[in-house]
Amino acid sequence: MSNIEFDKRHIWHPYTSSVNPLPCYEVAGAQGVNIQLTSGETLIDGMSSWWAAIHGYNHPRLNQAAHEQVDKFSHVMFGGLTHEPAVNVCRQLLDMAPAGMERVFLADSGSVSVEVALKMALQYWACQGRPDKHKIVTPRNGYHGDTFAAMSVCDPVNGMHSLFSGVLTKQLFAPAPQTRFGQTFSEDDILPLEELFASHHHEMAALIIEPVVQGAGGMRIYHPEYLRRCRQLCDNYDVLLICDEIATGFGRTGKLFGVDHAQISPDIMCVGKALTGGYMTLAATMCTEDVALGVCQGEPGVFMHGPTYMGNPLACAVASASLALVSENHWQQQTRDIETQLKAELLRCAQLEQVKEVRILGAIGVVETHQPVDVARLQRSFVKNGVWIRPFNKLVYIMPPYIIQPDELSQLTSAIYHALK
Ligand SMILES: *Cc1c(COP(=O)(O)O)cnc(C)c1O
């Protein structure tokens, strides 16, 4: 049985059917912005392996960090032990993070970092003698991960809440922000959230939101003023603000973090995806000193979470090398250039009959169609045209590695145009 055949029969892939699987391609190698298939084709990567591979594949400095660490030690438990890779990556994270972030919890995936953030918020209020503050408020169209608490704050429709209605915690949902990035902010946009805060703040532990770009829940790009108002509402009503920067972090939106568009600081912040430059899984939940102290007052006096592979030294060493690259700030010019080129080349898709809207911010380009696209058909067309783009539902979108060259980016944008035409 060939690898593809075995895979088709026995292996789950993200969001696919075991009965009717989508086409799947076998990778032989990846280098820079290229993914090589065993069938011989080379594809220009438009996805950065889901926001992660910002520096491109097989990067010499990330490879070196992994090699050096694997020869020292690959893992030790984090209970009672620490090591230089973890200290380094946490030091770098706090240097980069918005003002006020003082403490880092190293998690093993984005979803876990969201679980940790929600747990911190609930434990914080329980320890303040306010166990009644136990609900999370969030705008619709959000995406925060696939585990149960994270799922409870995903968009209730996209997140299939009806399927799990018996077990999912019922949270408080506000309408998704409507004012687009770059438009004039409409006061109406924040009214429903203000009303929700006024009527429910006594039971609200935290507001969780993806800063400026709502990712997998709809690829929506909204006005930073909305985020600024979220901060104010949280301050006025004693509610913690959790910013989920797992997709937006490390330069993707043209700023280092999405919150930088609004010049605010959250109380708790999640990062992941690009943290290791796409090499291995690692995420982090950062919080203020106030949250860290608040969580550990009273019973049980400790924060109740600790994954087996917490602070994995290999992942931390690579993350540290990736953050060092980010700190060289080439992403600023790179994402500016990508944004300029996306505006020049992708906006023409808006003229196509089946296209509803084109949205661009930083190194993110989104084409939304009126009807759900035929993923299998589009995927085949993209591979035939030498590009790797993975649409879902009504969204054909790209967030390429920052190192992509203009001619390579043109291949991505023209593949999208021709596939939709
Ligand atoms: C991808 C993502 C997550 C979940 O991260 P995983 O590593 O897939 O568990 C959470 N929040 C946002 C905003 C994401 O984009």
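Glu225 is buried, at a relative accessible area of 15%, where buried denotes under 20% relative accessible area, exposed over 50% and partly exposed the range in between (1.4 Å probe, protein chains only). The model is predicted, so that local features require pLDDT of at least 70 and side-chain atom pairs count only at pLDDT 80 or more, whereas totals for chains, interfaces and linings use all residues. Residues are numbered from 1 along each chain as its sequence is written, and side-chain values use heavy atoms, with hydrogens and water left out.

Glu225 takes part in two of the salt bridges described here, with Arg228 and with Arg229. A salt bridge is defined as a side-chain nitrogen of Lys or Arg within 4 Å of a carboxyl oxygen of Asp or Glu. Side chains of opposite charge can pair when their charged atoms come close. The closest N and O atoms are 2.3 Å apart in the pair Glu225 and Arg228, and 2.8 Å apart in the pair Arg229 and Glu225. Glu225 and Arg228 lie three residues apart in helix α8 (residues 224-237), and therefore about one helical turn separates them; helices (H or I, at least four residues) and strands (E, at least two) are DSSP runs, numbered from the N terminus. Arg229 and Glu225, four residues apart in α8, are likewise separated by about one helical turn. Arg228 is partly exposed at 28% relative accessibility, while Arg229 is buried, as is Glu225.

The structure holds 14 salt bridges. A network of them links Arg180, Lys356, Glu357, Arg359 and Glu368. Asp132 pairs with Arg130 in a further salt bridge, the closest N and O atoms being 3.7 Å apart. Asp132 is partly exposed, with a relative accessible area of 34%, and Arg130 is also partly exposed, at 30%.

Helix α4 (residues 84-96) has 13 residues and should span 18 Å at 1.5 Å a residue, which agrees with the 18 Å between its end C-alpha atoms; the expected span is 1.5 Å times one less than the number of residues. The buried residues of α4 are Pro85, Ala86, Val89, Cys90, Gln92, Leu93 and Met96. Viewed down the axis of α4, these residues fall within an arc of 160°, so they line one face of the helix; the arc is that of the directions from the helix axis to the C-beta atoms. On the other side of α4, Glu84, Arg91 and Asp95 are exposed. The elements covering the buried residues of α4 include α3 (60-72), β4 (101-107), β11 (268-271), β12 (283-288) and α10 (313-327), contact being defined by heavy atoms within 4.5 Å.

Helix α5 (residues 110-127) comprises 18 residues and reaches 25 Å from its first C-alpha to its last, close to the expected 26 Å. This helix is mostly covered, with 15 of its 18 residues buried. Cys127 belongs to α5 and counts as buried at 16% relative accessibility. Residues up to four places away in sequence aside, Cys127 touches Gly294, Val295, Gln297 and Glu299. Gly129, which follows α5, has a positive phi near 75°.

Gln178 is found in the loop between β6 (172-174) and α7 (191-200). Gln178 is partly exposed, with a relative accessible area of 47%, and touches Asp189 and Arg220, not counting residues up to four places away in sequence.
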